[in-house]
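Student: Hi! I've just opened this one and I'm new to it. Could you walk me through it?

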There are 2 protein chains.
Amino acid sequence: MQRVLEAVVDPVRRSIVTQLCGASGDIACGGFDLPVSKSTATHHFRILREAGLIRQYYAGTSRMNALRRDEVDEVFPGLLDAIVTAERPTGDPERATAG
Amino acid sequence: MQRVLEAVVDPVRRSIVTQLCGASGDIACGGFDLPVSKSTATHHFRILREAGLIRQYYAGTSRMNALRRDEVDEVFPGLLDAIVTAERPTGDPERATAG
DNA sequence: ACGAAAGTACGATGGCGGTCAAACTTTGAT
DNA sequence: ATCAAAGTTTGACCGCCATCGTACTTTCGT
């Protein structure tokens with residue numbers, strides 16, 4: 001729980017989660033659009049993995065990242081959905097309820 | 001969004017939210033069981049208030065705290081519920097879905 | 001008016017986490 | 001074998017946040 005919240009509180013890591021949600025499949029570490037260096041990205045992937053939010057596996061020289069959506073939804077229903085919704089670059093979250 | 005996550009990532013603040021959820025009504029600042037000093041508690045109440053998680057109002061010399069449950073649920077459905085469930089001191093969160 | 005109780009404001013401090021660069025490992029292609 | 005690409009590891013650094021104590025304000029009771 002504490003781990004999960006500490007994971008998603010960082011904007012870079014939330015961006016990773018959001019990009020995984022919006023993609024059709026898994027994404028390699030280098031396939032993300034992140035404003036940090038490679039070593040910092042590695043750090044973030046580690047945090048996400050240890051928090052149980054993503055799963056990682058090798059595909060040649062690339063390390064693929066898969067969102068563990070179903071498992072997270074089971075423990076924290078609504079959390080991922082709320083994050084992804086609020087992170088949408090285009091759209092007005094404040095007007096979402098006002099229509 | 002960022003504010004809300006930064007608010008609930010702190011264990012002391014999550015404890016405040018949990019105690020508010022478990023109580024029948026509002027609670028004064030001094031009515032909480034917190035492992036920090038009075039000034040630190042004030043700091044936490046401020047963070048929670050600015051994040052929109054609680055509402056504060058005066059009652060004599062006491063400042064009452066009210067959880068804005070409905071409003072938070074509307075923007076982040078499932079978030080408060082997931083937090084309170086996972087924070088229960090007695091009980092097995094992992095068995096919550098299987099039990 | 002006086003004192004006590006409840007919070008707040010402020011300044012200082014310590015530790016943790018995000019960040020980077022450089023060196024290293026592993027895999028794949030020529 | 002050799003080189004390139006993709007990540008990892010390590011060490012160092014810096015800023016921010018939680019924390020505290022003290023002083024202050026406000027409200028209530030006598």
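**Where the chains meet**

Tutor: Let's begin with the contact, to which chain A gives 18 residues and chain B gives 18 residues. Keep in mind that this is a predicted model.

Student: What area is buried between chain A and chain B?
Tutor: About 1400 Å², with carbon and sulfur atoms giving 71% of that. On the chain A side, Met1(A), Leu5(A) and Val9(A) supply 33% of the area buried against chain B, more than any other three residues.

Student: OK. How many salt bridges are there between chain A and chain B?
Tutor: The count is 0. For polar contact, the count is 4 residue pairs between the two chains, both residues being at pLDDT 80 or more.

Student: Which helices of chain A each supply at least two residues to the side that touches chain B?
Tutor: Helix H1 (2-8), helix H2 (11-22) and helix H5 (79-87) of chain A. The largest share is from H5(A), with 5 residues.

Student: And how do the residues on that side of chain A divide into nonpolar, polar and charged?
Tutor: There are 11 nonpolar, 3 polar and 4 charged.

Student: Switching topic: in what order do the strands of the open sheet in chain B come?
Tutor: The order is S1-S3-S2, 3 strands with antiparallel pairing. Strand S1 (27-28) and strand S2 (54-59) of chain B each have a single partner strand, so they stand at the edges with one side lacking a neighbour in the sheet.

Student: Over how many bridges do S1(B) and S3(B) pair?
Tutor: S1(B) pairs with strand S3 (residues 62-67) of chain B over 2 bridges, in the antiparallel sense. One pairing to look for is Ile27(B), whose bridge partner in S3(B) is Asn65(B).

Student: What lies across those strands in chain B?
Tutor: Helix H2 (residues 11-22) of chain B lies across S1, S2 and S3 of chain B, and runs at about 80° to S3(B).

Student: Back to chain A. How many bridges join S2(A) to S3(A)?
Tutor: 6 bridges join strand S2 (residues 54-59) to strand S3 (residues 62-67) of chain A, and the two run antiparallel. Gln56(A), for example, has Asn65(A) as its bridge partner in S3(A).

Student: Which residue takes a positive phi in that hairpin?
Tutor: Gly60(A), with a phi near 70°. The hairpin of S2(A) and S3(A) has 2 residues between the strands.

Terms used
Residues numbered from 1 in each chain as written. Chains lettered and ligands numbered in written order. Predicted model: local features only at pLDDT ≥ 70, side-chain atom pairs only at ≥ 80, totals over all residues. Heavy atoms only, no water. Contact = heavy atoms within 4.5 Å. Buried area = accessible area lost by both parts, 1.4 Å probe. Salt bridge = Lys/Arg side-chain N within 4 Å of Asp/Glu carboxyl O. Polar contact = N/O pair within 3.5 Å; in protein donor to acceptor, adjacent residues only side chain to side chain. Helix = DSSP H or I, 4+ residues; strand = E, 2+ residues; numbered from the N terminus. Nonpolar A, V, L, I, M, F, W, Y, C, P; charged D, E, K, R; others polar. Pairing = 2+ DSSP bridges. Axes fitted to C-alpha atoms, helices over the stretch in contact; angles between N-to-C directions.
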